Structure formats: structure tokens, C-alpha cells
Amino acid sequence: MKSLIDDVNVDDFDVDKGGQVEIIGWLYQYYNTEPKDIAFKKKKYAESDIPAVTQLFTPDWIVKYMVENSLGRYWIDILHAKGDQRSSEDIATLYNWNYFMPEAKQTEDVNLQIHSNSNELKNINLENITLLDPAMGSGHILIYAFEIFMGLYESEGYSKRDAAKIIVQKNLYGLDIDTRAFQLTYFALMMKARQYNRRFLTQDLKPNIFDIPESTDLEVSDFESMISNDETKNNLQLLIDAFKYGNEYGSLIHFKKHLNFELLAALTKEDITQKQLSLNDVALLNKQKELSDLISAARILDQQFSIGVTNPPYMGSGKMNSILNKYVKKNFPNSKSDLFATFMERLSNLTVPNGYYAMVTQHAWMFLSSFESLRSLLKEDTLINMAHLGTRAFEEIGGEVVQSTTFVYKKQSVSNYVGTYERLVDFNSQQKKQEAYLKAVNDNSVDYLYRTNQANFSKIPGMPIAYWAPENIVSKFEMPSIKDYSLSKAGIVTGRDSSFIFKWYEILFKNISYTETNERKINEMKFVPYSKGGEYIKWFGNDDYVINLKKLYTPSEVTSAVRRGDKKYYFQTAISWSYVTSNKSSFRFYDGFLYGTASPEIIPFKMDYMWTILALLNSNVSEYIIKFLNPTINLPTGYVLDIPMIKGTFQNNIKMLTYSNVNIVKEQFLFDENSWHFLNNKLLLHIADDKRNEVDGKLENAFNVWKDEAQSRFNQLKSNEEELNKIFIDLYGLNEELTPEVEDKDVSVRLADEERDIKSFLSYFIGVVFGRYSLDTEGLAYAGGDWDDSKYKSFVPSKDNILMFNDEKYFDDSRDVINRLKDFLKVTFGEDSVTTNLQYIASVVGKKADNSEASIRRYFVEDFFKDHKKTYQKRPIYWEFSSGKNNGFKALMYLHRYNKNELAMIRTDYLHPLQGQYESRVNQLNSLYESESVAKVKKNIEKDLKHVNKQLDEIRKYDQSIQHLANQQIELDLDDGVVVNYEKLQDGETILSKI
């Protein structure tokens with residue numbers, strides 16, 4: 001409780017500053033924090049979870065925005081209908097409505113439509129205006145509406161005391177499924193009325209707010225003795241059925257025909273207390289009370305209101321339990337994707353013609369295809385105003401995922417109405433959004449305020465609420481689009497990705513069909529290239545997965561969830577991208593691949609179309625258009641296909657620039673060892689060609705040559721992309737909206753990075769030691785299968801599939817990593833420069849030590865495997881044996897060279913000899929310790945002795961684990977991937993470093 005009080009602003013306790021509402025709201029949210037955290041972990045929400053997971057306290061300024069622009073606007077409409085000549089701005093100023101946004105100037109025809117209802121409005125007085133919050137929570141909206149009503153009544157000559165009574169009795173209505181929320185709202189509203197009418201609490205007045213009840217304890221037969229006709233019985237049955245799941249349906253409860261409440265109320269009024277009561281009579285009295293509660297809630301749900309305002313519950317259909325999900329699908333098919341959308345439809349239905357409804361919701365309904373039916377439905381109403389909030393609209397919700405919007409609709413169809421939109425998405429805090437909105441109210445010239453004809457939304461595919469789309473872009477959607485030049489196909493669904501999809505380097509390389517794309521031979525293929533999205537990279541890349549196609553077509557290996565797609569379109573040349581993006585989308589060229597749902601594909605009808613479509617998609621024009629169609633983190637195929645392709649896009653220079661870009665990006669993967677395109681390490685490219693004099697046997701010089709080449713490639717790609725942007729900006733007429741410049745961070749080739757590239761060099765060295773690579777062969781030399789000694793002339797791989805990482809030089813032969821590194825440097829850069837190159841490596845990646853060899857040794861012992869795991873995305877091909885935190889035994893093994901005798905060999909040829917070295921070292925240190933007289937030196941010897949003894953104890957225990965596993969002669973199946981085999985080799989023991 002102390003932290004709650006400390007964290008809440010002091011003004012929130014001040015009634016004069018509206019703190020009464022604030023503190024009640026925060027208390028309510030605090031109360032729900034723990035239940036919400038527990039519920040969020042569930043796959044489906046139970047009935048009891050719904051209040052906690054769906055409530056979110058609405059910021060004060062958003063409440064004021066919604067109420068002033070709905071209730072306030074409605075009152076202005078009434079005044080204008082009665083002949084008031086003042087402008088809406090003047091009236092709002094008079095009432096101190098600081099968040100009221102005046103409407104845009106309309107055409108004469110639109111004004112005629114708006115004022116066609118004047119006769120109806122002029123007959124409305126204050127006491128006739130009703131406002132409903134169907135998900136009232138702690139009552140924040142109702143309390144502020146009370147204040148607005150009070151101001152209106154005072155302006156009409158009412159006393160505050162009379163006004164308070166009328167507001168509670170006639171103007172305000174609220175519903176919620178949470179009893180505690182109802183109690184808090186009841187309390188807040190009564191206290192608010194008491195503020196203006198000191199006798200209010202003694203007048204036996206009750207607000208029109210209700211905790212929506214359930215009818216589980218009621219049956220028609222309970223009232224059988226009172227029912228005199230079929231109409232009463234039928235109405236009662238309808239009422240009881242409607243509230244059977246009241247705590248699940250809440251305000252979504254509705255009636256297809258109006259109930260006869262007079263007949264129903266009569267059942268609650270029959271007085272049975274005039275006689276001596278039996279037990280059955282007592283039970284009936286309780287039933288009458290329950291029925292009375294149902295009737296009270298039903299009366300509200302069966303009428304319409306002048307104004308509807310709410311912050312609705314948010315719950316995707318996937319989280320709804322079966323009861324709620326079934327009800328929503330049946331009764332609200334146009335808005336079934338999320339509860340907030342369902343409440344949008346419901347609140348529209350609860351609002352009278354010419355009334356207003358205002359809400360704050362997630363912004364997904366504005367764009368996603370799953371809400372298109374809802375957008376179509378809402379076309380019948382008029383979107384008056386919207387403050388598009390984006391992320392961080394609620395202080396308690398961080399991150400970039402939850403994006404919000406608040407808006408006001410009028411329950412009237414007005415053709416060509418120009419709505420007002422405040423685009424606050426670029427302001428990164430709740431306070432900054434509030435300040436920006438207020439600035440827009442006072443200065444309509446700000447560049448984030450838009451005036452848009454609602455009819456424009458229907459001109460864009462899917463009818464997104466793309467209010468900021470300029471007219472010249474909207475008109476482009478009348479032209480052909482990408483779907484006229486390509487087709488799309490659904491991606492593969494395996495049902496169990498971990499059993500079918502692997503990184504290409506995990507498995508036996510010869511089992512991968514990289515070039516065979518013949519549909520007829522599908523059943524003969526085992527693994528084939530597979531795209532499943534990935535990081536941001538344009539033009540080419542994210543192609544490091546394979547799928548077990550043979551297994552996918554083996555009936556016993558798949559479940560009913562499998563979706564194999566259309567074989568006719570396997571291996572087609574296509575454009576693909578990542579379905580989920582963090583910010584920008586990037587599109588890539590693929591040939592000979594299959595595609596998953598995380599990597600949508602489009603297949604151009606011609607190769608000429610391929611290059612142009614790819615160029616357009618990777619331009620900032622496409623990025624600009626996509627943000628109108630769907631500014632969310634997901635990018636389904638439909639939005640891409642809807643991008644217009646105007647006349648003039650099929651130009652030769654566009655095709656040439658695109659082809660060049662693909663090859664530039666592809667070239668970088670020739671020197672990236674975890675790419676199957678890999679040929680050679682980037683720092684060894686010029687040790688024997690025309691630049692060898694520039695390299696001069698020094699690794700540092702080789703890096704500098706590479707650095708210049710990488711910069712040149714980067715500059716060329718950036719220049720090409722900017723040229724393409726310029727072409728498309730001119731073609732689409734967006735010179736005022738866009739510039740062709742490309743930020744360095746968005747260029748899809750990497751510049752040289754000294755630390756990363758030297759670590760990559762050391763990784764390549766390890767690969768050469770194990771025979772994965774050869775200095776005499778480009779690309780892979782060995783990745784499983786038959787070993788070929790003829791591939792290794794310049795540098796012979798280690799005979800055993802093991803390379804030791806010791807923290808001291810215990811072996812002066814090929815078992816020691818530093819010895820092998822020196823041999824490698826002699827062969828690649830020459831014997832004369834070995835020392836220089838070791839010093840350079842140590843200066844870049846080495847750890848603190850007495851000399852360069854010791855420094856590099858520390859890197860291998862402490863950091864190499866960490867870097868390897870990161871490079872290979874937790875699917876390492878070099879496995880690290882580790883005896884524990886003291887590094888008693890640490891060594892690498894190459895997965896593809898493993899055999900069942902490996903562990904036995906490690907014990908006899910590596911572990912036991914190292915144990916002997918430790919024992920000798922202990923004896924040596926003991927002798928030194930006994931003979932040493934200098935205290936400081938003696939202390940250092942003691943420290944070393946303690947460390948080696950720990951290592952000795954550690955590997956003795958480790959030997960037992962290795963022996964246990966060696967005796968089993970464990971076989972690995974590379975087709976199962978790294979994760980399965982990593983656990984299989986250890987068989988419950990811990991002999992490998994964690995991945």
C-alpha cells in the first residue's frame with residue numbers, strides 16, 4: 001500500500017483537482033494488477049478473469065476529449081438547431097471545454113445534410129439527454145460527464161442542487177460486469193452529487209448504474225404462480241436466457257425485439273408479505289429481487305442513448321473462452337475479432353440517430369483486413385474526429401506493440417463529410433500527446449492535423465482509415481496494382497516446425513537439394529531451401545533454413561495441422577518478406593525455395609515484372625503506401641498486392657538497378673560462413689592475388705583492404721537505392737512528401753567491423769582445423785559424408801575431431817589451439833609475420849594477459865563458443881566440451897565429424913593426458929611454494945596451485961560422466977538437427993556448454 005501511495009501523484013488525492021476520480025481509478029487498477037498478471041499467462045480467459053484482463057484506467061485528458069467532443073458537440077448541435085448563432089468554438093470556450101476540436105469547414109451540400117435534423121434537435125432539452133458508458137470501470141467517464149452536465153444546467157438557470165439530482169436520475173447511465181467496479185463508480189457518483197447537493201445522500205436516490213447480473217439461479221417456473229398469460233411467460237424466458245451468461249456477455253447483451261417491461265415488472269411487485277411466509281415464499285422474495293436486478297439492467301440494454309462514451313474491454317478472439325467466443329461470432333460477425341471492436345458495433349447500436357459515440361481503442365480496426373467488415377458497417381455513421389494516439393498513450397503500457405486511437409462518431413450518414421484527425425503517433429509519451437493535441441486545438445495549422453473526406457477511405461483497398469493519405473496517392477489506387485502482375489500462394493504449415501525446419505548447417509549437407517526444382521522429383525528430395533522470414537534485409541538473404549520435404553510427405557510424420565501448399569508452385573522464382581516486422585519491411589529475391597506462413601510470397605508472371613516489382617517494394621514510395629494500408633507490425637500478402645503500379649514503372653534502368661542490388665547483397669554472403677553461398681573468408685581474398693603486395697603478409701592490412709571494398713559496395717548499393725527512390729517518387733508524384741535519401745542503417749550490406757571480422761577470421765581458422773573448410777577449396781570442403789584427403793594440401797586438418805582450449809600451454813602439439821593458430825598464420829600470411837599477426841589479433845579480440853598468445857588463448861577459452869552460438873543462432877556446429885566453471889577441460893568438436901567412438905577417444909587421448917599434466921603441474925607448484933621465500937611470489941604460487949587443484953578435481957568428476965556416455969557409443973542423426981542431438985549426446989549428463 002505504501003508503494004501505491006508513493007507512486008500516485010499528490011494531486012490525485014485532491015478533490016478540487018478532480019483527484020476523487022483519479023484516486024478511485026488508480027485504486028481499482030492497483031487492485032486488479034495481481035489477478036491480471038496471473039490471467040495474462042493463460043491461453044484462454046475464464047469468466048472470472050475478464051474484469052482484470054480487460055480493464056485499463058483511461059487517462060484524464062482522453063476522457064475529456066471523448067466527453068467534450070460527444071456530449072459537448074451534441075449540446076452545440078441543439079443550440080444551433082434552436083437558432084444560436086455563435087460558433088462552436090465560442091460555445092466551447094464559454095464552457096471551458098479545452099479539448100473540444102471544432103469541425104472542419106464543410107461544403108454547402110454537407111451542411112444541408114447535417115442540418116436536416118434541426119427540427120428534431122430543437123425539441124430536445126437537457127433533461128432528455130442521456131449518456132451511457134457500457135464498460136464504466138471505476139466511473140471516470142461518468143464523473144467527468146457529470147461535470148459537463150452541471151455546467152450545462154447552470155447555463156440554463158438550474159440550481160446546482162437541482163442539477164445534481166437530475167443528472168443522477170435522468171442523464172447518466174453505466175454498466176459493468178465487475179462488482180467492485182460498480183461499487184467504486186456508485187461511490188464516486190454519489191460523492192460527486194453530494195458535492196453539489198448536501199442532502200443528496202438522504203434523499204433515497206440511486207444512480208442508473210448497474211453490475212450486470214446473471215440469471216443462473218432463475219427459472220420461469222419460479223414465477224409460475226404469478227404468470228397469467230403466454231406473453232408474460234415468453235418475455236420472462238427471453239430475459240432469463242439473455243442473462244444466463246451476464247458476467248461474460250456484459251453490455252453485449254441485446255434483444256432482437258423489445259421486451260414488455262411492464263409485464264415483467266409486475267412479477268416483482270406482487271406483494272406476498274401480507275400473509276404468513278413459508279420457506280417457498282422467502283425463496284420467492286429473493287427470486288423477485290434477482291428478477292428486479294435483471295429488469296433494471298435490461299431496460300438500459302434495450303434502449304438507445306443520446307451519447308455513448310467508453311473505454312471498452314480489449315480481448316482478441318483467440319483469448320475468449322468458448323461461451324463468449326460463440327456468442328460474439330453469432331451476434332457480432334462483423335466485429336468478432338476483438339471485444340473492443342464488438343463494443344464499437346454495440347455502442348453504435350445503442351446510440352440514437354443524430355447522437356454521438358466516442359471511444360478509445362486499439363488502432364487495429366483502422367487497417368487490418370479482419371476488421372474490414374466493421375469498417376464497412378461504420379460507413380453508415382460519420383467519423384467526426386479522431387486523435388490517433390499510436391504507442392505510449394497509456395503510461396502503464398510501454399513498448400511499441402499496443403497502438404491506440406480515440407475518436408468520435410455521429411450516428412448520421414453524411415456523404416463527403418470532412419473529418420478532423422490529429423496524428424499524435426510521433427509524440428512518444430502520454431504527456432507529449434496531450435500537449436500536442438491541445439496545441440492543434442488552438443492552432444489548426446500544425447502539420448499533424450488533417451482534414452479528410454471520409455469518402456476517400458472507400459477508394460483504397462480494404463477501406464483503411466488512412467486519413468493522412470494525400471489525394472494524389474488516393475487516386476493511384478484506381479490504377480492497376482501488383483496483383484495484376486503476380487499471384488500469391490499460401491505458405492506451408494508443418495504443425496511442428498522444430499521437427500521439420502532447420503538451419504542448413506545443422507544437417508548433412510549432401511541431403512539438401514539446392515538446385516533441383518523439378519516438381520516431379522519432390523518425393524525423392526529430403527531437405528530443400530525454405531524461407532521463414534527473418535531480420536531486416538533488402539534484395540537478397542534470410543535464406544538459411546531448409547525443410548524436411550520427405551518427412552512432410554510422410555503421413556505418419558505429420559498431424560492434421562499440416563498444410564503443404566500447392567506443389568505446382570514449389571521452387572518458383574518469387575519475392576518474399578517477413579510477415580512480422582519491427583519497423584520497416586524489406587523484400588527479397590528467391591529462387592528454388594518453399595515458403596512458410598512467416599514468409600509470404602508473390603510470384604510475378606514474368607521475370608521482367610520481378611525486377612520492377614522488387615524495386616518498387618523496396619522503395620520508400622512503397623513504404624509510404626504500406627503505412628496507409630496497414631501501419632502495424634504485420635504485413636500480410638493482401639496489402640502488398642494492393643500497392644498500385646502506375647504506368648511507366650517498367651523501365652530498363654529500374655530493372656538494371658534492381659539486378660545490380662540483388663547481386664551486391666548476394667556478394668556479401670560469399671564471405672559469410674553461416675551462409676550456404678560462402679566461398680572464402682573475407683580477409684584471405686587477396687593473400688595471393690594482385691593485392692598481395694598491399695596486404696604484405698599482415699592481417700591488419702588485409703582487414704584495411706576489405707574495409708575499403710566493403711565501403712565501396714555499401715556506397716554503390718546506397719546510391720542505387722537512392723536512384724530508385726528518385727525514379728519512383730517522380731513517377732508517383734510524391735516530391736513534396738518524400739525525398740530519395742536512404743539512411744545508412746537501412747542499407748542492406750555491412751561495413752567492415754574490425755572486432756567482428758577478426759572473430760570471423762578465427763572462426764574460419766577453427767573450420768579449417770576441423771576440415772570443414774580448406775585453403776585449397778572454395779566453400780565447404782566437408783559437411784558430413786565421405787572424407788577426401790586430396791582437398792587438403794596447404795593445411796592439413798587435425799587427425800582427431802577435437803581441439804583443446806586450455807588456459808595454459810599444456811601440450812606443445814596439434815592438440816593446442818594456439819599451436820594450430822600459429823601454423824595457420826604461417827601458411828596464410830607467412831612465417832615472418834606470425835608474431836605481428838598474433839599481436840594484432842590480441843589487440844582486437846584478446847583478453848587482458850601477459851602476452852599476445854595468452855591473450856588470444858583467453859579469448860578461445862572464455863568467449864569463442866559464446867560468439868559461435870550467437871553467429872549460428874544457438875545452433876552451433878562446433879560443440880564445446882566443458883567440465884565446469886574452472887575450465888578444467890574445455891575443447892571443441894565438429895558436429896559433422898562426430899562418430900560413436902568420439903567420447904572414448906577424448907578420454908584416452910585428451911582427458912587423461914591433461915589430467916597427468918595437471919598432476920605434474922601441482923607437484924611443480926608445491927615444490928616452488930616450499931622453496932619460495934618472497935611472500936608476494938609465494939602468494940601467487942598458492943593462488944595458481946589452488947586453481948589447478950580445482951581443475952584437477954573437476955576433470956576427475958567429468959571423466960566419470962564421459963566414461964558413462966562413451967560406453968553407450970551414442971549415434972547421432974544429423975537430420976534431427978542440433979537441439980535434438982545436443983541432448984542425445986549428453987543423455988542426462990552435462991558434458992557440453994549450454995546453448
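Begin by selecting Trp97, which counts as buried at 5% relative accessibility (buried means under 20% relative accessible area, exposed over 50%, partly exposed in between, with a 1.4 Å probe and protein chains only). The model is predicted: local features need pLDDT of at least 70 and side-chain atom pairs pLDDT 80 or more, whereas totals for chains, interfaces and linings use all residues. Residues are numbered from 1 along each chain as its sequence is written, and side-chain values use heavy atoms, with hydrogens and water left out.

The structure holds 65 aromatic pairs (rings of Phe, Tyr and Trp, the last by its six-membered ring, pair if their centres lie within 6.5 Å; planes under 30 degrees apart count as stacked, over 60 as edge-to-face and the rest as tilted). The ring centres of Tyr95 and Trp97 are 4.7 Å apart and the planes stand at 15 degrees, so this pair is stacked.

Next, display the nine-stranded open sheet, whose strand order is 3-2-1-4-5-7-6-8-9 with mixed pairing. Helices (H or I, at least four residues) and strands (E, at least two) are DSSP runs numbered from the N terminus, and two strands pair if DSSP finds at least two bridges between them. Strand 3 (208–211) and strand 9 (449–453) stand at the edges with a single partner strand each, so one side of each has no neighbour in the sheet. From one strand to the next, the twist averages 15 degrees (axes are lines fitted to C-alpha atoms, for helices over the stretch in contact, and angles run from 0 to 180 degrees between N-to-C directions). Within the sheet, strand 6 (residues 382–390) and strand 8 (residues 418–423) run parallel and are joined by four bridges; Asn385 has Thr420 in strand 8 as its bridge partner.

Now show the helices that lie across these strands. Helix 4 lies across strands including strand 1 (131–133) and strand 4 (305–310), and runs at about 170 degrees to strand 5 (351–362). Helix 10 (residues 179–196) lies across strand 2 (172–176) and strand 3, at about 160 degrees to strand 3.

Select the largest nonpolar core, of 194 residues; Phe146, Phe149, Leu239, Phe243, Trp365 and Ile482 have the most contacts inside it. Such a core is a set of buried Ala, Val, Leu, Ile, Met, Phe, Trp, Tyr and Cys residues joined through side-chain atoms within 4.5 Å. Helix 4 (residues 60–81) supplies the largest share of this core, 13 residues. Apart from this core lies another, of 98 residues, with Phe824, Leu903, Leu911 and Val978 among them.

Phe824 also belongs to a cluster linked by ring pairs, including Phe678, Phe761, Tyr764 and Phe864.

Move to strand 15 (residues 587–590), where Phe587 and Phe589 point one way, Arg588 and Tyr590 point the other way, and all are buried. Strand 14 (residues 574–577) runs antiparallel to strand 15 and is joined to it by four bridges, with Ala574 partnered by Tyr590.

For charges over rings (NZ of Lys or CZ of Arg within 6 Å of the ring centre and within 35 degrees of the ring normal), select Lys532, over the face of Tyr545 at 4.9 Å from the ring centre. Arg564 lies over the face of Tyr553, at 5.1 Å from the ring centre.

Finish at helix 22 (residues 607–617): nine of its 11 residues are buried, so this helix is largely enclosed by the rest of the structure.

Methods. Contact means heavy atoms within 4.5 Å.
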